[in-house]
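Open the model in your viewer and keep the selection tool at hand. The tour goes from one stop to the next, and each stop says what to select.

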Amino acid sequence: MPAGIITTIKSTMTTSTERPLARLLQLASPVLPVGAYSYSQGLEAAIEAGIVRDAASAERWIADVLAYSLARMEAPVFLRLCSAWRAGDDTAAARWNALFLASRETAELRAETAQMGYSLARLLPELGLGEVPLEEPSFPAAFAFAVAAWQIDPHEALVAYLWSWIENQVLAAVKALPLGQTDGQRLLLSLGGRLEEIARAAARLDDDSLGNFTPGLALLSARHETQYSRLFRS
């Protein structure tokens, strides 16, 4: 086979497979400059209250938030945002973004997604992806915009999005309890095994099934706003 053809085939393979994976890893990376490391999403308040005190209780807390908050609201909204951006439907994207912002139950949780969304939306034009056409993009809206622009598979993107969330939660637990690095890796292994099914289930939820009922998280997040000593912004 001529060398030129081999080069063309390799170039096509890199464009169609390796590049979306690399871009997805870039979006899910903990070094993405959106400030995720500075938030615990109520976990620090749960530690202060004595609800989370070791590896087992940390896993239970993170798994519950994953199952009862992200899986039922954030994940399906993220998929709808991916579809809207891919279709070029800015109106639908704005509607889902507004719904997600309204679903944040405390000032801290809303400020977190707005700040991270703002940071990512400012970064994307520097990466050649254009501007997110929203006045106040949430983090999932900005993330989904990049996913659509880079033509990443929405299911894979959601798994990566959820992974970045559990990674940040585990890192927060390691810092605040503290836990050892080995405990942190065990938590990631256990929690990460749930993500594929959560992503598949999120794709099956219809609009009327979306919900964000996590009163314990809401109460602790509200208490964190006046907590005396804090490492994290939420």
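## Stop one: confidence

Select residues 1-16, where pLDDT stays under 50 and the model has 5 contacts beyond four places in sequence. This is a predicted model, so colour it by pLDDT before going on. Over the protein, pLDDT averages 89, and 89% of the residues score at least 70. Now select helix H1, residues 3-28: confidence is lowest here, at a mean of 62. For the other end of the scale, select helix H6, residues 139-149, where confidence is highest, at 98.

## Stop two: Gln 169

Next, select helix H7, residues 154-176, and find Gln 169 in it. Is Gln 169 buried or exposed? Its relative accessibility is 1%, so Gln 169 counts as buried; the cut-off for buried is under 20%. Show the residues that Gln 169 touches, leaving out those up to four places away in sequence: Ser 40, Gln 41, Leu 43, Trp 61 and Ile 62.

## Stop three: H7 against H9

Finally, show the side chains where the helices meet. From H7, select His 155, Leu 158, Val 159, Leu 162, Trp 163 and Ile 166. They meet Leu 195, Glu 196, Ile 198, Ala 199, Arg 200 and Ala 202 in H9. Coloured by class, this contact shows 9 nonpolar, 1 polar and 2 charged residues.

Terms used: Residues are numbered from 1 along each chain as its sequence is written. This is a predicted model: local features need pLDDT of at least 70, side-chain atom pairs count only at pLDDT 80 or more; totals for chains, interfaces and linings use all residues. Side-chain values use heavy atoms; hydrogens and water are left out. pLDDT is the predictor's confidence in each residue, from 0 to 100. Helices (H or I, at least four residues) and strands (E, at least two) are DSSP runs, numbered from the N terminus. Contact means heavy atoms within 4.5 Å. Buried means under 20% relative accessible area, exposed over 50%, partly exposed in between (1.4 Å probe, protein chains only). Ala, Val, Leu, Ile, Met, Phe, Trp, Tyr, Cys and Pro count as nonpolar, Asp, Glu, Lys and Arg as charged, and the others, Gly among them, as polar.
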